[in-house]
Amino acid sequence: MNFLKFRTMTKEQILTAGTILSGDNAEEQLQKLLEFSGDREEIIDYIDGVNVIQSLQFSLTVNEFFDMLPDDNKMDKPFNQDFFNDIAVEFDTHVKQSIPLFGQFQSYVSSFIADKFQGKSILDICGSTGELGRQLIFGGWRGHYDCLDGSPEMRDVFNSVTPQNVREHLNFIMAGFSGGWKEEYKGEEIHIPEYIGVNNNHSLAVEVLGFQFFTKERLEHIKEMKRLAGNCLFFQKFSTQDDSQWQENEDLKNTLHKSLFFSEQEIKEKKEVVLDNMRDYLYNQNDFTSHLESEFKYVIKLAQIGNFAGYYCTNDVSTLPDYVNPYLLDNQFTSTETKKRK
Ligand SMILES: C[S@@+](CC[C@H](N)C(=O)[O-])C[C@H]1O[C@@H](n2cnc3c(N)ncnc32)[C@H](O)[C@@H]1O
C-alpha cells in the first residue's frame with residue numbers, strides 16, 4: 001500500500017479497502033502511524049506490516065481519523081524556495097556574508113550544544129545544508145543530528161559535503177515543517193511531505209532563520225517545537241514598532257558588513273527578490289519573547305545583531321548555558337535603541 005495513495009483516497013475507499021487499524025492496540029498503532037517522523041518508505045512498510053481490518057473498534061471516528069492526518073495542502077510552497085534551491089551550493093558562504101556575526105553565532109551555538117547536549121538528539125528545523133550538524137561533529141560533539149529541510153537542492157549539498165563516516169550521526173529529512181508542498185526538481189514535479197514528528201523524540205529543536213520564510217504565525221510553531229523536543233533554540237530576523245530604528249539597523253548591516261562582499265546593485269537586487277517579501281513574515285520581537293515567556297520558565301537571550309536575535313528556551317535548569325557571549329549581545333551592528341529590546 002502506498003502511503004501517499006492512502007492519503008489521497010476518499011473516506012469511502014479507505015473504508016472499503018479496510019485500512020482502518022484495529023485489534024487490541026489499535027489506538028496505539030494509529031498514534032504511532034500519525035506521529036511517524038521517518039522516511040515515507042518506512043511508513044509504507046509500517047502500514048503493510050499492520051493488521052488491516054474493516055471494523056472501527058477504537059474510539060476515533062473516521063472523520064476524526066482523517067482530521068488527524070497531515071494535510072499536504074494546508075501550506076503553500078514557501079515563497080523563497082526557488083531562491084534557496086538556486087543558491088544551495090553557495091548557501092553557507094552566502095548566509096555569513098549577508099548576516100554579520102552569523103559564523104560567530106554558529107560557533108557559540110555549537111559549543112553550547114557540545115556542552116549541554118552531548119550524546120543527545122538534535123532537530124534542526126529549516127537546517128538548509130546541515131552546516132550546524134557538521135560544525136557539531138567536527139567540534140567533538142557526538143549524538144544524533146537531524147537536518148529537516150524542504151529543499152531537494154539543500155539535500156543534495158548535504159549529501160555531497162557530509163563525509164560518509166559521520167553519516168551515522170548526521171541525517172537529512174526532506175520534509176516541510178508545518179505543511180507539505182509540491183516542488184520542481186530536475187524538470188519533474190515532486191512532493192515535499194509534511195514532517196510528522198514524535199513527541200520528545202529529540203532533546204533540542206533548533207530554528208535558525210526558518211519561520212520568517214513561510215509563516216506569519218509564531219505561537220503555534222513554538223508550541224510544536226516544544227512538543228518535539230522540550231528545549232528550543234531560536235534565531236530570527238524581527239520587526240519592531242519603530243521603523244526608523246529598524247532601518248538604522250539595516251543600514252548598519254549593509255555599510256559595515258554586506259558591502260564588504262556585495263556591490264550596491266547586488267544588495268539592492270537581494271532586497272527586491274528576498275527581503276521585501278520576507279518583511280511581511282517578520283514578527284515583532286517583543287511579542288515573540290512574550291510567547292516564549294508564556295511557554296518556558298527560562299528564556300535566555302543569546303544574541304542581538306541589529307534586527308536579528310537569538311534565544312534559548314527551556315524548563316530544564318540543567319541545560320542553561322554556563323556562558324553567554326557578551327559580544328553577540330552588544331555590538332556595532334545594533335542601534336542604541338535596539339539594545340534595549342527584550
Ligand atoms: C535561511 S535558510 C535557513 C538557514 C539555516 N538554518 C542555517 O543556519 O544556515 C531557510 C531554509 O528553510 C527551508 N524551508 C523554508 N520553509 C520550510 C519549511 N516549512 N519546512 C522545512 N524547510 C523549510 C529552505 O529550504 C531553506 O533551506
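Colleague: Which handedness does the crossing of α11 and α14 have?

Modeller: In this predicted model, the crossing of α11 and α14 is right-handed. That term applies because the near helix is turned clockwise from the far one by less than a right angle.

Colleague: What angle and what distance describe the packing of helix α11 and helix α14?

Modeller: Helix α11, residues 219-229, packs against helix α14, residues 285-295, at an angle of about 40°. Their axes lie 10 Å apart.

Colleague: Which residues of α11 meet α14?

Modeller: On the α11 side they are Leu219, Ile222, Lys223 and Lys226, and they meet His291, Leu292 and Glu295 in α14. By class, the residues of this contact divide into three nonpolar, one polar and three charged.

Colleague: Why is Leu101 called buried?

Modeller: A residue is called buried if 20 or more other C-beta atoms lie within 10 Å of its own. Leu101 has 21 other C-beta atoms within 10 Å, and therefore it is buried. Leu101 is found in the loop between α7 (91-98) and α8 (102-116).

Colleague: What is the phi of Leu101?

Modeller: Phi of Leu101 is near 60°, a positive value in a residue other than glycine. Most residues other than glycine have a negative phi.

Colleague: How do you know that Ser128 is buried?

Modeller: The cut-off is again 20 or more, and Ser128 has 24 other C-beta atoms within 10 Å, so Ser128 is buried. Ser128 is found in the loop between β3 (121-125) and α9 (131-138). Its phi, near 55°, is also a positive value in a residue other than glycine.

Colleague: Why is strand β12 described as largely enclosed by the rest of the structure?

Modeller: Strand β12 covers residues 308-314, and seven of its seven residues are buried, so the strand is largely enclosed. Both faces are covered. One side has Phe308, Gly310, Tyr312 and Thr314, and the other has Ala309, Tyr311 and Cys313, all of them buried. In a regular strand the side chains alternate between the two faces of the sheet.

Colleague: What makes β9 and β12 a pair of strands?

Modeller: Pairing requires at least two bridges. Strand β9, residues 231-239, and β12 have six bridges, in the antiparallel sense. Within this pair, Gln236 stands opposite Ala309 in β12.

Colleague: How many bridges join β11 and β12?

Modeller: Strand β11, residues 298-305, pairs with β12 over seven bridges, again in the antiparallel sense. Ala303 stands opposite Gly310 in β12. The two strands β11 and β12 form a hairpin with two residues between them, and Gly306 in the turn has a positive phi of about 60°.

How values were computed:
Residues are numbered from 1 along each chain as its sequence is written. This is a predicted model: local features need pLDDT of at least 70, side-chain atom pairs count only at pLDDT 80 or more; totals for chains, interfaces and linings use all residues. Axes are lines fitted to C-alpha atoms, for helices over the stretch in contact, and angles run from 0 to 180 degrees between N-to-C directions. Helices (H or I, at least four residues) and strands (E, at least two) are DSSP runs, numbered from the N terminus. Two residues are in contact if their C-beta atoms, placed from the backbone, lie within 7 Å. Ala, Val, Leu, Ile, Met, Phe, Trp, Tyr, Cys and Pro count as nonpolar, Asp, Glu, Lys and Arg as charged, and the others, Gly among them, as polar. A residue is buried if 20 or more other C-beta atoms lie within 10 Å of its own, exposed if 12 or fewer, and partly exposed in between; C-beta atoms are placed from the backbone.
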